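Here is a short tour of one protein chain, written for someone who likes to see the cut-offs next to the values. Please have a look at the model first.

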Amino acid sequence: MTSTRGYRMSARATSAAQTRDRILRAVIDAAQEKLTLEIRLDDVARRAETTVQTVLRHFGSREKLLDAAIVAGAADIAAERAVDSGDIDSGFRRLLDHYESRGDFVTRMVAQEDADARIRSITEQGRRQHRDWVAGLFAADLAKRPEPARTALHDLLVVTTDLATWRLLRRDRGLDRDTTEARMRALTAAVLAAPDPRE
């Protein structure tokens with residue numbers, strides 16, 4: 001009896017976790033198409049194949065749901081871009097994969113950040129994540145430089161690997177993915193080879 005009850009409780013917990021994840025995925029998918037201000041609970045419930053009542057039971061309110069989706073989305077991005085420190089080849093491949101998958105969506109979000117405080121919180125978090133990613137990938141190169149050159153080099157590496165740099169090459173210039181990656185890598189190599197930058 002105890003074993004059966006434990007199994008049922010475990011199954012319910014698994015089902016609840018799956019429902020919660022479906023709801024979060026539904027919000028993230030909806031955010032690919034519209035401003036967060038336009039995301040409605042009934043749309044989220046429909047996408048997640050559940051009810052508004054279930055959404056509220058899991059998250060309590062629309063605001064808390066959106067906050068949880070931001071956290072989940074940030075975790076997705078971190079996982080997509082995760083790479084060992086110093087593994088520049090893998091780092092650039094994963095970065096370009098990430099930009100190919102999400103770059104246009106993030107560009108639209110950046111264009112809307114002045115009109116929507118929640119979008120601004122997402123884009124600001126993305127900028128912090130990118131800066132941290134650069135610090136991790138290029139940790140050895142940065143460690144070789146004294147301050148203030150280290151901070152200046154960090155800034156320049158953020159620029160050479162930034163979404164805006166990808167967009168200028170990939171979208172504005174219309175270059176293919178491989179050429180875009182090659183030019184971003186060339187920019188990065190030039191920055192790393194240059195004398196210590198000063199603020």
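The report below covers a helix contact, an aromatic pair and several salt bridges.

This is a predicted model, in which local features need pLDDT of at least 70, side-chain atom pairs count only at pLDDT 80 or more, and totals for chains, interfaces and linings use all residues. Residues are numbered from 1 along each chain as its sequence is written, and side-chain values use heavy atoms, with hydrogens and water left out.

**Where H5 meets H9**

Helices here are DSSP runs (H or I, at least four residues), numbered from the N terminus. The axes of H5 and H9 come within 10 Å and cross at roughly 90°; axes are lines fitted to C-alpha atoms over the stretch in contact, with angles from 0 to 180 degrees between N-to-C directions. The two helices are therefore roughly perpendicular, a label for angles of 65 to 115 degrees.

On the H5 side, the contact (heavy atoms within 4.5 Å) includes Tyr 99, Glu 100 and Asp 104, and on the H9 side Trp 166, Arg 167 and Arg 170 are among the residues. By class, the residues of this contact divide into five nonpolar, two polar and five charged.

Tyr 99 and Trp 166 form a tilted aromatic pair, 5.8 Å centre to centre with 45° between the planes. Rings of Phe, Tyr and Trp (its six-membered ring) pair if their centres lie within 6.5 Å, and planes under 30 degrees apart are stacked, over 60 edge-to-face and the rest tilted. Because Tyr 99 lies in H5 (residues 88-112) and Trp 166 in H9 (residues 163-172), the pair ties together parts 67 residues apart in sequence. Both residues are buried (under 20% relative accessible area; exposed is over 50%, partly exposed in between, with a 1.4 Å probe and protein chains only).

**Salt bridges**

The whole structure holds 19 salt bridges, each a side-chain nitrogen of Lys or Arg within 4 Å of a carboxyl oxygen of Asp or Glu. Three of them are listed here.

| Pair | N to O distance |
|---|---|
| Asp 67 and Arg 118 | 2.5 Å |
| Glu 100 and Arg 170 | 2.6 Å |
| Asp 155 and Arg 131 | 2.6 Å |

Asp 67 is partly exposed at 39%, whereas Arg 118 is buried at 16%.

Finally, a network of salt bridges links Asp 89, Asp 97, Arg 177, Asp 178, Glu 181 and Arg 185.

Methods:
Parallel < 35°, antiparallel > 145°, perpendicular 65-115°, else oblique. Nonpolar A, V, L, I, M, F, W, Y, C, P; charged D, E, K, R; others polar.
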